[in-house]
Amino acid sequence: MLPNVQPMTPLTLTASTLVTATGRGLGPVLQALRERRSGLKPCDFEDVTLKTYIGRIEGLEDFSLGNELERFDCRNNRLAWLGLQQDGFMVAVAEAKQRYGAHRVAVVMGTSTSGILETEHAYQARDLAGSLPAWYTSRYRYTHNMFSLGHFVRACLGLRGPAMVVSTACSSSAKVFATADRLLRAGLCDAAIVGGVDSLCLTTLYGFSALQLLSASPCRPCDEDRDGLSLGEAAGFALLEPSTYVSRRGAVALLGYGESTDGYHMSHPHPEGAGAIRAIRDALDRAGLQPSDIDYVNLHGTATRVNDAVEDKAVSSIFGRTTPCSSTKGWTGHTLGAAGITEALISVLCLKHGFLPGTLNCERIDPTLRSWILRANDVRPVRRILSNIFGFGGNNCSLILGTLQ
Amino acid sequence: MKVGIQGIGLLAAGLEGWCASRAVLAGTEPFGPVAVPDPEAALLPSNERRRSSDCVRWALHVAQEAIAQSGLDPREVSTVFASSGGETGVLDTLCRTLAMPERVVSPTLFHQSVHNTASGYWGIATTCQQSSTALSCYDDSFAAGLLESITFVCVEQRPVLLVAYDLAVPAPLSEARPITTGFAAALLLAPPSDSSLATMQLRLDEAHQDEPTGLVDPALEQVRQNNPAARSLPLLSAIAAGRSQSIRLSLLDSQQLVLDLDPCRN
């Protein structure tokens with residue numbers, strides 16, 4: 001029998017920033033959570049006529065990346081750029097760069113569709129011979145290729161350490177924490193920028209529509225009448241440093257993570273949530289914690305019939321009905337490859353401000369769910385949070401974030 | 001950081017399987033690329049195989065070859081899939097569909113468009129529930145995959161199966177990314193043991209002290225330069241020749257991965 005996971009040294013989130021449809025920066029995102037104000041609106045993305053709600057970030061159409069960043073210009077990188085400008089993040093990274101050197105700071109990003117919208121536009125603009133326009137072909141590397149986001153963030157921040165993009169569908173920007181931990185523990189860097197960006201595109205809108213997983217109304221996680229998800233877009237980043245370098249009482253840190261796969265189906269979760277259970281257990285073991293040590297579970301909670309039911313099986317089998325759980329996708333929509341960082345940073349807000357978001361749009365809790373589903377916001381001290389992200393290909397990741405004691 | 005190589009899988013024109021390709025890679029037989037037949041990927045259940053993309057079949061085919069050599073149970077092995085562009089064939093079909101007025105996307109095609117499609121199918125075929133990552137680093141995706149795999153082996157002290165693959169990009173997407181020939185390679189990496197085919201020590205170096213390692217045979221060198229997954233060729237060639245060698249792989253513009261390879265003569 002191979003060994004189980006070993007406890008890890010916590011990684012401090014020295015700085016972080018988040019942009020979702022509810023606001024630009026952590027302050028506005030927190031305010032929307034407290035005021036229970038959703039970012040979901042009827043779909044008005046490009047010429048899409050699907051009857052669905054989306055969490056679109058306003059203003060991405062109104063500017064472009066210029067000067068030395070011009071070649072990177074696409075919706076996904078504009079959103080990344082917008083994220084990097086918030087919450088004093090660039091300054092915090094500059095300080096880390098000063099402390100460790102540009103070669104010693106890694107960049108690990110997550111995205112599911114990168115800048116595919118550029119390719120969609122380029123295919124619409126093919127000439128009579130079927131060739132793609134020149135404005136696109138010379139910029140594919142910097143826009144649509146899966147590494148584009150990592151390249152862009154590294155260029156913006158002037159970093160020269162190891163970099164890669166993790167793309168495992170919805171779990172992408174949760175798994176970046178695990179990859180960064182390995183790079184740090186192996187001594188290949190002293191700090192890491194982790195994060196994720198996913199932006200609206202035709203592929204995901206029409207793809208999820210084809211799978212009949214889009215709700216015609218704002219998504220209703222854990223509601224007995226839930227009928228699908230709402231897509232959103234987001235950018236989030238965090239600066240990770242080992243807590244042995246920057247230990248501060250009350251600072252928020254990554255305490256554990258667990259990665260697993262279902263080994264079952266491309267787009268249906270394992271019926272008993274076997275992969276999810278494994279991810280949660282590994283996260284607890286790495287953090288050296290018991291289920292009773294967790295004060296709140298931020299659910300993946302996409303509001304599809306199947307996800308919420310299977311996730312509930314997994315969560316209730318570990319936490320019973322004693323740990324409050326909720327989904328925050330009613331605010332942001334499902335931001336796919338950015339969901340991991342989005343919900344990790346929402347968890348950071350909960351830890352810092354001592355509050356729990358009740359599941360927005362959940363009118364009547366599905367009576368078949370066995371977990372303790374929070375409907376209303378709650379104010380209470382929170383020390384440790386588990387955040388779940390499960391994705392296509394049966395790819396799962398659970399993170400545990402907490403305040404250093 | 002030192003790891004053992006416990007198994008190798010390989011598929012490319014003129015390089016059909018690790019065992020069949022050793023003499024060519026070692027330079028004792030000439031390299032003669034011929035078209036590769038559709039890979040068997042025998043591990044896939046036939047209904048999944050019918051629906052699977054070329055990328056999935058190529059990736060699973062080499063993964064299966066490497067794991068068979070290692071004698072390990074695939075359910076005990078974590079995986080890392082490294083590809084520059086992933087499912088470019090699926091993305092081409094999707095973007096063609098989305099350029100038509102009706103935009104009728106096939107649900108199967110959509111779930112096959114993710115970068116972790118091969119990872120997902122490997123899980124379905126093996127029922128493995130260990131962690132699995134899919135990543136990209138453009139032309140340096142193999143180096144990034146090695147970095148992720150070797151750090152995993154060293155930190156977790158568990159085996160990892162690294163699968164690197166990029167297939168020929170279909171027109172018109174090939175105008176943006178001219179990869180003209182498919183290449184897939186798999187390495188089963190684990191803490192060094194008596195059964196290792198070779199061991200390698202990894203370190204990171206500043207870039208441009210020396211050029212990245214190339215290949216002597218000009219035709220093989222052309223393959224290496226054309227396909228990001230074929231950046232694995234200098235390593236595979238040194239293992240095949242049983243050479244002790246330091247192999248340099250570029251990792252972006254600023255760093256190099258240096259692999260000190262030590263063949264195990266057992």
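## Where chain A meets chain B

Two bridges link β6(A) with strand β4 (residues 132-136) of chain B, and the two strands run antiparallel. Within that pairing, A:Val165 has B:Ser136 of β4(B) as its bridge partner. Keep in mind as you look around that this is a predicted model. Here is a quick tour of the interface.

**Extent of the interface**

- The size of an interface is often expressed as the accessible area that is lost when the parts come together.
- Here, chain A and chain B bury about 5600 Å² between them, and 61% of that area lies on carbon and sulfur atoms.
- In terms of residues, 66 from chain A are in contact with 60 from chain B.

**Salt bridges and polar contacts**

- The rule finds four salt bridges across the interface of chain A and chain B.
- One to look up joins A:Arg182 to B:Glu148 in a salt bridge, with 2.7 Å between the closest N and O atoms.

**What chain A brings to its side**

- The elements of chain A that give two or more residues to the side touching chain B include the helices α4 (116-124), α8 (172-185) and α10 (274-287), and also the strands β6 (163-166) and β10 (252-261).
- α9(A) gives the most to this side of chain A, with seven residues.
- Sorted by class, the side of chain A that touches chain B has 30 nonpolar, 23 polar and 13 charged residues.

Definitions and conventions
Residues numbered from 1 in each chain as written. Chains lettered and ligands numbered in written order. Predicted model: local features only at pLDDT ≥ 70, side-chain atom pairs only at ≥ 80, totals over all residues. Heavy atoms only, no water. Contact = heavy atoms within 4.5 Å. Buried area = accessible area lost by both parts, 1.4 Å probe. Salt bridge = Lys/Arg side-chain N within 4 Å of Asp/Glu carboxyl O. Helix = DSSP H or I, 4+ residues; strand = E, 2+ residues; numbered from the N terminus. Nonpolar A, V, L, I, M, F, W, Y, C, P; charged D, E, K, R; others polar. Pairing = 2+ DSSP bridges.
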